[in-house]
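Please look at the sequence and the structure before reading on.

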Amino acid sequence: MQRLRSSISIPWLAASVVIVLAIWCNSMVPGSDSSEISHGLLAMVQGFLVDLGLPASWVTNLIIRKMAHFTEYAALGVSVSAALDRHAHLDCARVLSIVSTVLIAASLDEVIQLFVPGRCGQVADVLLDCMGAITGVAASSFVRRRMAKRSIS
């Protein structure tokens, strides 16, 4: 545990806390307001695709909302991974710490939504959030290992 503590990056830890707070603040937005925001983003994305001459009807509000879950937790995965695995040496303790952190954040995110008008917590969203975080952790580890190899060469 001492080895894990000595390899924590305080700036990345702070970034992780900010990301979690932003995610939880988004979860406190009432359902009607959240829906209005995602519909506005949907219109922007569809308009962008149409301007490029691409089909846009396949992009739905559900896709926008689920991509938001995935993306915000991918960002959290990157920051938590960088905070707890500063030297890109994933071991069991670090993996357990990263997974626990993300799982707790995602679970609390959905619990928060149970108490917000027009929102509901969903186990499927916790799983989607964890998949986003795993993607972020994998991408972060890959990039940091590649950078470490280049600095050695």
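Q: In this predicted model, which side chain has a polar atom 3.4 Å from the backbone oxygen of Leu84?
A: The side chain in question belongs to a residue of helix H5, which covers residues 92-114. The side chain with a polar atom 3.4 Å from the backbone oxygen of Leu84 is that of Arg94.

Q: Which residue forms a salt bridge with Asp125?
A: Side chains of opposite charge can pair when their charged atoms come close. The structure holds one salt bridge, and the closest N and O atoms of this pair are 2.6 Å apart. It links distant parts of the chain, since Asp125 is in helix H6 (residues 123-152) and its partner is in helix H4 (residues 61-84), 59 residues apart. The partner of Asp125 is Lys66.

Q: Is Asp125 buried or exposed?
A: The relative accessible area of Asp125 is 5%, whereas Lys66, at 25%, counts as partly exposed. Because the cut-off for buried is under 20%, Asp125 counts as buried.

Q: Which residues gather in a patch of positive charge on the surface?
A: One of them is Arg150, which lies in helix H6. Arg150 has a relative accessible area of 65%, and because exposed means over 50%, this residue counts as exposed. The residues that gather in the patch are Arg145, Arg146, Lys149 and Arg150.

Technical notes:
Residues are numbered from 1 along each chain as its sequence is written. This is a predicted model: local features need pLDDT of at least 70, side-chain atom pairs count only at pLDDT 80 or more; totals for chains, interfaces and linings use all residues. Side-chain values use heavy atoms; hydrogens and water are left out. A salt bridge is a side-chain nitrogen of Lys or Arg within 4 Å of a carboxyl oxygen of Asp or Glu. Helices (H or I, at least four residues) and strands (E, at least two) are DSSP runs, numbered from the N terminus. Buried means under 20% relative accessible area, exposed over 50%, partly exposed in between (1.4 Å probe, protein chains only). A polar contact is a pair of N or O atoms within 3.5 Å; within protein, one must be able to donate a hydrogen and the other to accept it, and residues adjacent in sequence count only if both atoms are side-chain atoms. Patches are made of residues with over 30% relative accessible area and no salt bridge: like charges are joined within 9 Å, nonpolar side chains (Val, Leu, Ile, Met, Phe, Trp, Tyr) within 5 Å. Accessible areas come from the Shrake-Rupley method with a 1.4 Å probe; for residues, only the protein chains shown count as cover. Lys and Arg count as positive and Asp and Glu as negative; His and the chain ends are not counted. The place of a charge is taken as NZ of Lys, CZ of Arg, CG of Asp or CD of Glu.
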